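Good morning, and thank you for coming.

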Amino acid sequence: MTTIRQAIEKYEEKTGDDAGEAKNVMLCGQMPPIAKMDGNLGKLVSCEHLAISSNNIERIAGLKMLKRLKSLSLGRNQIKRLDGLEDVAGTLEQLWLSYNFIEKLLGIEKMKAVKTLYLSNNMISSWNEVSRLAELPCLEELLLQGNPICDVPHYRLQVAGICPSLHKLDSAPVIEEEKQKGRNFLLASQMVVRFGNLAGAFRKMDTNSDGSLSLAEIEGGIRDYGFAFEEDELTAFLSHADTDKDGKVQYEELISNFEGLTTDMKVPGSPLAGAR
């Protein structure tokens, strides 16, 4: 197997550059492949863009000295976990991890600066894992296609609801209406889990039994039952659900607003368990 030290030496021989001064370092597709990331990466003190894709790496390591790193490409390796990324959490803006064996996203929530995240063709199947992405305030572009989670009904809506800053999902733009529908879906799924169906949720929140829900009743019910939604999100929900614009949501409006969303909702896999 090629070591990191050997790969860096090959890079310097091929380019004529001093790796310690280079901003863009390509260590892709080594023959034989790199199997282990290690402290020799510390030589790349000026590196902003590092590519080590198409190798045989199983574990992320050796990034501690890369204080300027903005993008990291580790696609087409054998990676299963995200341990080791925390060393570049403060600077990393672009992360490519497609075509690996990743099931768990534990640790991704530390990557607060990440704007672009490619995770296609891995083994992500749990909403608990996808919900960790809600902790990434700068995430604008996400690629998840090719994971088992993508086969879940309304996958796209749910991801749009989980990731408020998202602009693009699986190469397609995410519009504001889609985000709002996604938030509505998350709320509906939580209601179904808690009350069994939307009718039960409506009855619980309709405290004065007048057959409609005011913003105060919706907000009170959601807070009382521990649903984590901000005031502006609740206002947007009411505006979206209040189709006749009378300031209240009738039961028929609530059902119409969620029509089709809860029909094939898979309660055990609902995003609510890990969201927010």
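**Sheet, ring pair, helix and loops**

Let me begin with the ground rules. This is a predicted model, in which local features need pLDDT of at least 70 and side-chain atom pairs count only at pLDDT 80 or more, while totals for chains, interfaces and linings use all residues. Residues are numbered from 1 along each chain as its sequence is written, and side-chain values use heavy atoms, with hydrogens and water left out.

I turn to the sheet. Helices (H or I, at least four residues) and strands (E, at least two) are DSSP runs numbered from the N terminus. Eight strands make up an open sheet with mixed pairing, in the order β1-β2-β3-β4-β5-β6-β7-β8; two strands pair if DSSP finds at least two bridges between them. Which strands stand at the edges? They are β1 (24–26) and β8 (172–173), and each has a single partner strand, so one side of each is left without a neighbour in the sheet. Further in our tour, β5 and β6 (residues 141–143) pair in the parallel sense over three bridges. Tyr118 stands opposite Leu143 in β6.

Tyr118 brings us to the aromatic rings. The structure holds one aromatic pair. Trp96 and Tyr118 form this pair, edge-to-face, with 6.0 Å from centre to centre and 80 degrees between the planes. The rule is that rings of Phe, Tyr and Trp (its six-membered ring) pair if their centres lie within 6.5 Å, with planes under 30 degrees apart counted as stacked, over 60 as edge-to-face and the rest as tilted. The pair links distant parts of the chain, since Trp96 lies in strand β4 and Tyr118 in strand β5 (residues 116–118), 22 residues apart.

Next, a helix. In α6 (residues 215–224), the buried residues include Glu217, Ile218, Gly221 and Ile222. They lie on the same side of α6 because they cover an arc of only 125 degrees around the axis; the arc is that of the directions from the helix axis to the C-beta atoms. Ala216 and Asp224 are exposed, on the face of α6 turned away from its buried side.

Now consider a loop. Asp83 is found between β3 (71–73) and β4 (94–96), and it counts as partly exposed because its relative accessibility is 37%. Its C-alpha atom is separated by 6.3 Å from that of Ile60, 23 residues apart along the chain.

I close with the backbone. Most residues other than glycine have a negative phi, and most peptide bonds are trans. Where is the cis peptide bond from Met31 to Pro32 placed? This bond has omega near -5 degrees, and Pro32 is in the loop between β1 and β2. Asn121 has a positive phi of about 55 degrees although it is not a glycine; its place is in the loop between β5 and α2 (127–130). Ser209 likewise has a positive phi of about 55 degrees without being a glycine. Ser209 is in the loop between α5 (198–205) and β9 (212–214), and it is exposed because its relative accessible area is 62%.

Definitions and conventions. Buried < 20%, exposed > 50% of the residue type's maximum accessible area, 1.4 Å probe, protein only.
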